[in-house]
Amino acid sequence: MASKYETVIGLEVHVQLTTDTKIFCGCSKVFGQEPNTQTCPVCLGLPGALPVLNEKVVEFAIKTGLATNCAIAPRSIFARKNYFYPDLPKGYQISQFELPICEHGWLDILTENEAEKRIGITRIHMEEDAGKLVHGETQESSRTSFVDLNRACTPLLESVSEPDMRSADEAIAYLKKLHQIVVYLGVCDGNLEEGSFRCDANVSIRPWGQKELGTRAELKNINSFRFIKQAIEYEIERQADLLDSGSQVVQETRLFDSQTGTSRSMRSKEEAHDYRYFPDPDLVPLVIDKAWIAEIREGLPELPEAKRLRFESEMGLSAYDAEILAADQALAAFFEACVPLTGDAKLCANWVMGEISRQLNEGNIAITDAPVSPTRLAGLLNRIKDNTISGKIAKNVFEKMWQSGQEADAIIEAEGLKQVTDSSAIEALIEEVIAANPGQAAEYRAGKEKLMGFFVGQVMKASKGKANPGMVNQILKDKLSG
Ligand SMILES: [Zn+2]
């Protein structure tokens with residue numbers, strides 16, 4: 001349905017970093033520990049305790065900035081973002097405001113009609129996470145709240161995009177790309193459910209052709225790509241309904257409810273915080289050496305975009321196949337290990353995206369734990385290539401390899417699955433099939449050539465799938481036209 005309105009979306013993403021320790025102290029940040037055991041005077045916000053910046057956080061910020069085409073600021077500043085909430089012991093969050101570490105970046109995405117589109121990244125800055133409130137989870141009282149500061153001071157990168165996206169699909173494409181990059185870089189584990197990669201979406205609509213932006217709503221903390229898409233689509237409709245009925249969109253923060261697929265107002269602009277940012281006097285300006293940036297750039301892994309292009313140009317994969325394989329570093333590595341062992345990139349791509357991915361999904365297994373290694377898969381694919389087995393039999397063999405961990409050759413041997421390539425054996429089968437179906441044979445000879453499929457099927461069936469399909473086709477043609 002064509003809408004009267006154009007959608008405008010900007011995204012803010014909080015990326016939790018995989019450093020061993022917190023951003024301003026040496027506390028461990030392992031998930032799921034006893035409350036308040038991963039704390040010290042700094043992250044508890046005790047008076048007199050001073051923050052010391054974790055160098056690894058800066059390195060991860062630079063990596064992410066470089067991988068998203070940002071300029072890295074030679075000098076950046078930490079600022080205090082002031083607000084009161086029980087999970088924030090200092091009464092302020094240390095963040096960056098006026099001089100963030102990364103600015104002016106971009107990512108290219110593929111839009112719905114497969115066109116490439118550039119999405120601007122305004123800034124990426126470093127900040128500390130707050131603690132957590134646990135509500136009424138004891139026997140004493142369901143009305144009591146508890147403060148757990150294990151998460152306080154956990155390092156985050158906040159990445160803010162330009163309002164360049166025009167649909168929920170574009171927003172998801174951008175998010176997935178950013179997600180791939182931080183996971184590729186190893187700076188984030190990418191777990192949306194545990195909150196390692198959190199997204200807020202700013203959504204507004206405006207009549208087509210209007211330059212100025214409409215009033216926006218901010219959608220908060222949605223923890224899966226599917227829900228983000230749902231939340232944005234719901235919001236676009238909600239705002240269109242408001243405008244259509246002559247009402248106004250109110251600037252507000254809304255919470256998405258994944259149970260109902262709707263959202264509700266959390267706070268309006270009037271209730272919004274005035275954060276009274278100012279430079280944090282406890283932390284000196286961060287000055288970054290050019291040589292360090294160059295060194296980090298040097299050490300960056302091949303990123304999904306570059307991998308995708310290489311899979312297309314060097315391996316001859318289609319854009320679609322290349323995109324899917326490059327999206328997952330481990331899947332791409334599996335594929336790349338398989339290719340030189342078979343010399344057939346297309347065949348490897350088909351199997352990795354097909355049978356391998358299917359088994360992984362069904363068993364909810366990581367590819368690094370797959371019972372079939374790249375070498376074993378290549379062993380199987382080579383038996384297709386040298387005509388020992390057909391592609392169809394190969395799927396059965398693969399199933400057994402996955403279950404038993406055995407090599408393809410052992411299974412093919414033990415089960416007598418070797419393809420019949422002996423032309424006299426195939427001829428005998430074909431003669432039987434033709435003799436058993438004289439009517440169809442006459443029809444074929446009278447010009448009903450699509451009956452070829454029927455005959456091939458019958459012969460394959462008679463051979464229990466083991467006859468070489470190419471030979472069956474050829475010999476059938478000869479016999480039927482003879
Ligand atoms: Zn600490």
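The largest share is that of α7, with four residues. By class, the lining of the second largest cavity holds four nonpolar, one polar and four charged residues. Here Ala, Val, Leu, Ile, Met, Phe, Trp, Tyr, Cys and Pro are counted as nonpolar, Asp, Glu, Lys and Arg as charged, and the others, Gly among them, as polar. The space in the second largest cavity is about 40 Å³.

The model is predicted: local features need pLDDT of at least 70 and side-chain atom pairs count only at pLDDT 80 or more, while totals for chains, interfaces and linings use all residues. Residues are numbered from 1 along each chain as its sequence is written, and side-chain values use heavy atoms, with hydrogens and water left out.

Rolling a probe the size of a water molecule over the atoms shows where empty space is left. On a 1 Å grid over the protein atoms alone, a cavity is a set of points where a 1.4 Å probe fits but cannot get out; a pocket is an open set with protein on both sides within 12 Å along at least five of seven lines; lining residues have an atom within 4 Å of a point. Grid points are joined across faces, edges and corners, and a volume is the space filled by probe spheres set on the points. Two cavities of 30 Å³ or more are counted by this rule. The largest cavity has about 60 Å³ of space. Its lining consists of Cys43, Asp87, Leu88, Pro89, Lys90, Glu128, Asp129, Ala130, Gly131, Ala152 and Cys153, and these divide into six nonpolar, one polar and four charged residues.

The second largest pocket has a volume of about 870 Å³. Of the 20 residues that line this pocket, Lys176, Gln180, Glu323, Ile324 and Ala327 lie nearest its centre. The elements β6 (102–110), α3 and α7 each give two or more residues to the pocket lining, and α3 gives the most, with seven.

An open sheet is formed by three strands in the order β5-β4-β15, with antiparallel pairing. Two strands are taken to pair if DSSP finds at least two bridges between them. Strand β4 (residues 79–82) is joined to β5 by four bridges. Ala79 stands opposite Ser95 in β5, and Asn82 stands opposite Tyr92. From β5, Tyr92 and Ile94 point one way and Gln93 and Ser95 the other way; all are buried. Buried means under 20% relative accessible area (1.4 Å probe, protein chains only).

The protein as a whole has 16 helices and 16 strands, where helices (H or I, at least four residues) and strands (E, at least two) are DSSP runs numbered from the N terminus. The radius of gyration is 30 Å, well over the 23 Å that the globule rule gives for 482 residues, so the protein is more spread out than a compact globule. This radius is taken over C-alpha atoms, and the globule rule is 2.2 Å times the number of residues to the power 0.38. Buried residues make up 47% of the 482 residues.

Methods: Buried means under 20% relative accessible area, exposed over 50%, partly exposed in between (1.4 Å probe, protein chains only).
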